[in-house]
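Trainee: I would like to go through this model with you, one question at a time.
Mentor: Go ahead.

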Amino acid sequence: MKILIIGGNGTIGKKVSERFSENHDVIIAGRTSGDVTVDISNVQSISEMLQKVGNVNAIVNIAGDAKWDKFDHLSEEDFYIGIKSKLMGQVNLVRLGRKYLKPEGSITLTTGILADEPVDMTTSAAMVNGAVQSFVKAVALEMDNGLRVNVVSADLVEDAYEKYKDYFPGNTPVSMRKVVDGYVKCVEGRINGKIVRIRA
Ligand SMILES: NC(=O)c1ccc[n+]([C@@H]2O[C@H](COP(=O)([O-])OP(=O)(O)OC[C@H]3O[C@@H](n4cnc5c(N)ncnc54)[C@H](OP(=O)(O)O)[C@@H]3O)[C@@H](O)[C@H]2O)c1
């Protein structure tokens, strides 16, 4: 398969890219690095990336930001960071990306545990994660040509544990093997409209 992985050089993305590279032709996209660059918060940039890459069997997105802060400190503009990046970035990848998918192709998005179990300072991040998950369940009903859309929602991952552990007291990190397997299930399996929850 030809697989486009956006965020494929990130903490999670590089492990996912390594696994898919064993059996597939992987193209990595990132904001500053990769075979092609893209800013998913900009629809024109997504469109240009897709034109450069051409038709693929699968698109996997493992990128997207949202602002973390106390609810009291978040301005309306702060909320739009997550809405433009993690939410509409992923919605636009499905809107535009499906036209570049070969029959039976798939798009796999990324959320995280915050949709189900938010922690302090995540009103924005939790909100967009939840919205992406509802979007995936709905859009999967309207796919044709055997196309599929799923989302992987991991708990704090092993490789990011030191960086984020203070924000997630008591969360047991999930192994990178388990996280990567979630993406493999979405791309190589036949599931559609699923939230693949990865927990320790
Ligand atoms: N870390 C965790 O424990 C965890 C758990 C569950 C879910 N998640 C979610 O998984 C995703 C990836 O997390 P991570 O820890 O792997 O992040 P990371 O290490 O910061 O990597 C993010 C990757 O995405 C790219 N990227 C960032 N913003 C982008 C944009 N606007 N357009 C295109 N590419 C962009 C970056 O490219 P450049 O390096 O070129 O800038 C980088 O390769 C995030 O949405 C995160 O919320 C993370």
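Trainee: Which residue in strand 3 is the bridge partner of Ala29?
Mentor: Keep in mind that this is a predicted model. Strand 2 (residues 25–30) pairs with strand 3 in the parallel sense, over 2 bridges. The partner of Ala29 in strand 3 is Val36.

Trainee: What is the order of the strands in the open sheet?
Mentor: The sheet has 7 strands with parallel pairing. Strand 3 (36–37) and strand 7 (195–198) each pair on one side only, which puts them at the edges. The order is 3-2-1-4-5-6-7.

Trainee: At about what angle does helix 1 run to strand 1?
Mentor: Helix 1 lies across strand 1 (2–6), strand 2 and strand 4 (56–61). Its direction relative to strand 1 is at about 175°.

Trainee: Are helix 2 and helix 3 parallel or oblique to each other?
Mentor: The axes of helix 2 (residues 43–53) and helix 3 (residues 76–97) come within 10 Å and cross at roughly 40°. Angles under 35 degrees would count as roughly parallel, and 65 to 115 as roughly perpendicular. The two helices are therefore oblique.

Trainee: Which helix gives the most to the shell around the ligand?
Mentor: The ligand is surrounded by 28 residues, the closest being Gly7, Gly10, Gly30, Ala63 and Gly112. Two elements give two or more residues to this shell, helix 1 (11–21) and helix 3. With 3 residues, the one that gives the most is helix 1.

Definitions and conventions:
Residues are numbered from 1 along each chain as its sequence is written. This is a predicted model: local features need pLDDT of at least 70, side-chain atom pairs count only at pLDDT 80 or more; totals for chains, interfaces and linings use all residues. Axes are lines fitted to C-alpha atoms, for helices over the stretch in contact, and angles run from 0 to 180 degrees between N-to-C directions. Helices (H or I, at least four residues) and strands (E, at least two) are DSSP runs, numbered from the N terminus. Angles under 35 degrees count as roughly parallel, over 145 as roughly antiparallel, 65 to 115 as roughly perpendicular and the rest as oblique. A residue is near a molecule or strand if its C-beta atom, placed from the backbone, lies within 6 Å of it. Two strands pair if DSSP finds at least two bridges between them. Two residues are in contact if their C-beta atoms, placed from the backbone, lie within 7 Å.
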